[in-house]
Amino acid sequence: MTVQNVTPSDESRSDPFFARISDDPLAGAFSGGIRAHAHGRVSAVPAEDVPALWDRLCETPRQGPTVAYVHVPFCENHCLFCGFYQNPWRREAGAPYVDAVLAQMQAGAAMAVQQGHPIRALYLGGGTPSALSARDLARLVGGLRETLPLSPDCEITLEGRIVSFGLEKARAAFDAGVNRVSLGVQSFDDRVRRRLGRKSTRSETLRFLEGLVAADCGAVVIDLIYGLPGQDRATFREDLRMAAALGLDGLDLYALKTIPGTPLLLAQEKGKLLPAAPHSLGHYYADGCEEMDRAGWEPISTTHWRRGLRERNLYNADVKSGAACLAFGAGAGGNLHGHGYRLQPDLDAYAEATRQGGSALLAGLMRPSALAAVHNAIKAGMERGRLDPAAVDRALADCGLARRFEDLAAPLLAQWQEAGLMTVEAGALPLTLAGRFWQVAMTARLIAWTDQAVREDTSAEENAG
């Protein structure tokens, strides 16, 4: 495979698509210009068209990889860095909420969309699903297993926080059918944890994780964040070494993102908490890759590592590559026959909608881009850190386009190679270390570039005709 050796002009180097050429691409290859996440050119379905379209989508059998997501929108407190906070946790809210989710599932049980093709991964996220009582967790997981056509090897993930979990509740979740637990540790360092408002100490966190691993009932996965206030690279490396020594099955590494409206950003604007400088984050990431490699862990995406074969990370891999996703719970988001949708986020509105059924559940419904298959092929390869042009070519053909991806994107791919973000191998375009760090920014740009190139080619053909 070859990529045309097209060198952009000096003027084009200032274009937001292209990377900055430097001796240190980890530090600042990109700076703004294109949104962080790639969604493609989707459009909202007009309100008057939603009921009929939703009924048609629900009556159409699913095909291809499918996952399911259950949202539990409660948290004991608002983590400083989190942009997903919805509702404060109240113990008395747990059982009625589980009743509502089970009612939504049972109301849709006879629909084609909930039948047939097996579901290969089920994710209980939030919010904080582990805030639910052991009994309600068991009821929820049991209801999901009874109602949905889960595959025999379905990955069932429960997301949680250590402070509201406990080994007794974890055992109840495992007994109900959970086979993967994902916990947001963020950092083991007590000083950093206090600044974030985390309630459990390092010793409590380590003790709980050791207990989960010793139970040996499913994959145990944690998140670590780099660039946190009060954290330096030495502290981050120590976090990584602790994680690698625990016997965990999987590990996610994420850069801190300052999200509008979060307590962290408000504190940062007041000068109270200062995260790491943006230009240093790539070097934190490099430290993480080095420590994981030293410990013998396998990278299975640009942000996720595993220690052994028990960890598959199926839900995250599938949902990022365009798999169908059935959504349950207030504020949950899904993907049905390419159409993105979100359920009512308000708890009372959601509970009422589960009684009404149909499109009353929806807070929004989006039509897919005409190039959705192309976007998904790009996202799948970039997420793995190894872009497959042949897969994108097949997606272009599925969209009715006789185009070669390498021809459409040649100037961009060549410039990224020059910038040290991508290399060329037989049949593939692997990302370098810096490219893996910048993967999300690169994916958004590559999708936008491809969309633009297709439009320009199509317009040229129409004018010539």
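I took a disulfide to be a pair of cysteine sulfur atoms within 2.5 Å. The model is predicted, so I kept to its limits: local features need pLDDT of at least 70, side-chain atom pairs count only at pLDDT 80 or more, and totals for chains, interfaces and linings use all residues. Residues are numbered from 1 along each chain as its sequence is written, and side-chain values use heavy atoms, with hydrogens and water left out.

**Cysteines.** I searched the whole structure and found 0 disulfides. Next I checked accessibility, with buried meaning under 20% relative accessible area, exposed over 50%, and partly exposed in between (1.4 Å probe, protein chains only). Cys154 is buried at 5%. Cys289 is buried too, at 16%.

**Strand S7.** I used DSSP runs for strands (E, at least two residues) and helices (H or I, at least four), numbered from the N terminus. I looked at each face of S7. Arg180, Ser182, Gly184 and Gln186 are buried on one side. Val181, Leu183 and Val185 are buried on the other.

**Neighbours.** Two strands pair if DSSP finds at least two bridges between them. S6 (residues 150-160) runs parallel to S7, joined by 4 bridges. Here I found Glu159 opposite Ser182. S8 (residues 219-226) is also parallel to S7, with 6 bridges. There Gly184 stands opposite Asp223.
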